[in-house]
Amino acid sequence: MIIMRYKAVGCLYLRRPDPPNRDKSPAGAEANMQPIPPGPVCQSCGISMSRDQNGGGTEMDGTTRSIEYCSSCYRNGMFTEPDLTVDDVISRAQARLQAAGVPEPVIERNLMGMYRLDRWKD
Ligand SMILES: [Zn+2]
């Protein structure tokens with residue numbers, strides 16, 4: 001299962017000491033792990049907020065737009081799928097990106113970025 005590999009890499013990366021001066025990986029490895037595209041992205045599913053046709057999720061009052069979450073993840077101040085896990089998000093994103101013909105290395109970077117979204121951070 002290819003997703004497990006992403007998970008292992010993602011955890012390893014997240015647990016890197018901070019500041020990472022004991023890091024033995026070659027310089028620039030960090031730069032290759034920039035999975036989040038420019039501009040704000042949904043902090044749950046990682047889609048670009050600018051692509052959200054509804055302009056973002058809604059807060060508890062039902063009208064204030066969330067600046068963090070898209071309209072399919074977040075509605076009226078709640079997640080639309082409270083039981084969603086980061087693994088669900090990753091497998092959906094993987095399917096979506098593959099269907100869109102996105103090159104595999106780009107998909108990989110995107111998927112690893114999911115672990116850094118606010119909803120999935122510890
Ligand atoms: Zn979302």
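**Entry 1: A95**

I looked up A95 and found that A95 lies in helix α2; helices (H or I, at least four residues) and strands (E, at least two) are DSSP runs, numbered from the N terminus. I recorded A95 as exposed, because 10 other C-beta atoms lie within 10 Å. By the rule I used, a residue is buried if 20 or more other C-beta atoms lie within 10 Å of its own, exposed if 12 or fewer, and partly exposed in between, with C-beta atoms placed from the backbone. The C-alpha atoms of A95 and I107 are separated by 9.7 Å, the two being twelve residues apart along the chain.

**Entry 2: source and confidence**

I note that this is a predicted model, in which local features need pLDDT of at least 70, side-chain atom pairs count only at pLDDT 80 or more, and totals for chains, interfaces and linings use all residues. Residues are numbered from 1 along each chain as its sequence is written. pLDDT is the predictor's confidence in each residue, from 0 to 100. I read a mean pLDDT of 80 for the protein, with 69% of its residues at 70 or more. Residues 6–18 have pLDDT below 50, and I found eleven contacts for this stretch in the model beyond near neighbours in sequence. Residues 25–36 also have pLDDT below 50, and that stretch has ten contacts beyond near neighbours in sequence. Two residues are in contact if their C-beta atoms, placed from the backbone, lie within 7 Å.

**Entry 3: overall layout**

I listed three helices and two strands in the protein. From the N terminus on, I read the order of elements as α-β-β-α-α. Of the 122 residues, 21% count as buried. Among contacts with a separation of 6 or more, 47% join residues 24 or more positions apart.

**Entry 4: helix α2**

I checked the span of helix α2, residues 86–99: at 1.5 Å a residue its 14 residues should span 20 Å, and its end C-alpha atoms are 20 Å apart, which agrees. The expected span of a helix is 1.5 Å times one less than its number of residues. G101 follows α2 and has a positive phi, near 75°.

**Entry 5: N76**

I located N76 in the loop between β1 (74–75) and β2 (78–79). N76 is not a glycine, yet its phi is positive, about 55°.

**Entry 6: the nonpolar core**

I counted as a nonpolar core a set of buried Ala, Val, Leu, Ile, Met, Phe, Trp, Tyr and Cys residues joined through C-beta atoms within 7 Å. The largest such core has 15 residues, and those with the most contacts inside it are C42, C45, Y69, C70, C73 and M114. Helices α2 and α3 (104–113) each supply at least two residues of this core. I then traced C45, which is in contact with C70, C73 and V89 when neighbours within four places in sequence are left aside.

**Entry 7: L84**

I found L84 in the loop between β2 and α2. L84 is partly exposed, because 16 other C-beta atoms lie within 10 Å. Leaving aside neighbours within four places in sequence, I noted contacts of L84 with F79 and V89. L84 and C45 are 39 residues apart along the chain, and their C-alpha atoms are separated by 10.0 Å.

**Entry 8: L117**

I placed L117 in the segment after α3. L117 counts as buried because it has 20 C-beta neighbours inside 10 Å. Not counting residues up to four places away in sequence, L117 touches Q43, S44 and G46. I also looked up L117 and E68, which are 49 residues apart in sequence and 9.7 Å apart in space, C-alpha to C-alpha.
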